[in-house]
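Subject: Structure handover

Hello,

The structure you asked for is below. My notes on strands, salt bridges and surface charge follow.

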Amino acid sequence: MPRGHKSKLRACEKRQQARGETQGLQDAQATTAAEEESTPSPSPQPGAVVQSPPAAAGSCSTSQGPRRAPATTTASASVSYTTSGKASDSQDEARASTPKAQPSTESSGLDSLSKKAVLLEQYLLYKYKMKQPAMKADMLKIINPNYEDRFAEILKKASEHIEAVFALELKEVDLPSRSYDLVSKLKLPNNGRVRGGRGLPKTGLLMNILGMIFIKGNCASEEDIWKFLSMMQVYAGRKHYIYGEPRKLITKDLVRLQYLESRQVPNSDPPRYEFLWGPKAHAETSKMEVLKFMAKISDTVPSAFPCYYEEALQDEEEKARAIDAARATAKVCAPSGAVPSNIYPPLLKSENLPVKKLTSQ
């Protein structure tokens, strides 16, 4: 066979081999993608809630560029830790199939702690619903007594996630028995439940709405509120397993309790409404606290939102000045030499003396 013909034949064979390898790689990638699509993602159990941070309005951008937090899914307490755990398992399997790959002890250890945190979240929320304190001894039984040296770390992880989703703070209510309770960040009736009976809190929903109003220039239209809440799978007129009928909760209950203020948009026909912070919201929280809540959901810090952070700082300074002014006014208005009755309450109670006997003659 002529040498030129042989060269052409070898070149043709190489091209066919390259095409075959490329096709094989594409087939492998397609198979992997199909397997990933066919693998069911962990679905939320009854009691799950999806939360996303409010989208920033106006021209305010973060100092680190726009950061969008993934939706936080909780099942009774949360399944996000389980989801991240399964993703970690898949990555570990992929590494194990690679020649000379070593299993990651650190990764598996973190995954184990995350699963324990999920168990604690579920237990803490169950005790909240039952209106009972959670005992450390019982929590250790749930996560395994062998994890006692990691208990503080696991509890911190669980409580931080509950705080980010439900706006409940974990507080130690009895030191000798090491018992804990979840307390609403705002003084909503029935420890955040709004209505009587048992159930999960409405505080997280309210904090999200307050955040939405804040970033919309301290006033948000009802349309914008429902648009945002739809990202949390909360819809007007559709009963929610945590919040009940959300339209009634937002437009009636929270307005009646003075956490929200509703007013008609001027000259709107048909009538449209917008929401502002109510007096109770101003009294019990602040723009900085709401911004911290939003930042936690986005897994960042309040200063990552520069213009909102600046406004929140100004709000804090104004409140501090108002408090100082009120104290100065009270001091000026008090009679000369008088001792306010709230300064020495134990003395007044034990001696059973009227306030006037403590004043200078």
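E317 is found in helix 11, residues 306–333; helices (H or I, at least four residues) and strands (E, at least two) are DSSP runs, numbered from the N terminus. This is a predicted model, in which local features need pLDDT of at least 70 and side-chain atom pairs count only at pLDDT 80 or more, while totals for chains, interfaces and linings use all residues. Residues are numbered from 1 along each chain as its sequence is written, and side-chain values use heavy atoms, with hydrogens and water left out.

E317 is partly exposed at 45% relative accessibility (buried is under 20% relative accessible area, exposed over 50%, partly exposed in between; 1.4 Å probe, protein chains only). With E310, E316 and E318, E317 makes up a patch of negative charge on the surface. Patches are made of residues with over 30% relative accessible area and no salt bridge, like charges being joined within 9 Å and nonpolar side chains (Val, Leu, Ile, Met, Phe, Trp, Tyr) within 5 Å. Asp and Glu count as negative, and the place of a charge is CD for Glu.

Salt bridges

The structure holds 15 salt bridges, each a side-chain nitrogen of Lys or Arg within 4 Å of a carboxyl oxygen of Asp or Glu. Among them:

- K115 and D111, with the closest N and O atoms 3.4 Å apart. The two are 4 residues apart in helix 3 (residues 105–129), so about one helical turn separates them. K115 is partly exposed at 39%, whereas D111 is buried at 9%.
- D253 and K248, with the closest N and O atoms 3.2 Å apart. D253 is buried at 4%; K248 is partly exposed at 41%.
- E289 and K292, at 3.6 Å from N to O. Both lie in helix 10 (residues 287–297), 3 residues apart.

E163, E169, K185 and K296 are linked in a network of salt bridges.

Strands

Strand 4 (residues 168–174) pairs with strand 5 (residues 179–184) in the antiparallel sense over 6 bridges; pairing requires that DSSP finds at least two bridges between two strands. D174 stands opposite S179. The two strands form a hairpin with 4 residues between them, and R178 in the turn has a positive phi of about 50°.

A further 3 strands form an open antiparallel sheet in the order 6-8-7. Strand 6 (220–221) and strand 7 (260–264) are at the edges with a single partner strand each, so one side of each has no neighbour in the sheet. Strand 7 is joined to strand 8 (residues 273–277) by 5 bridges, with S262 opposite F275.

Regards

Conventions: Areas by Shrake-Rupley, 256 points an atom, 1.4 Å probe, with all protein chains shown as cover.
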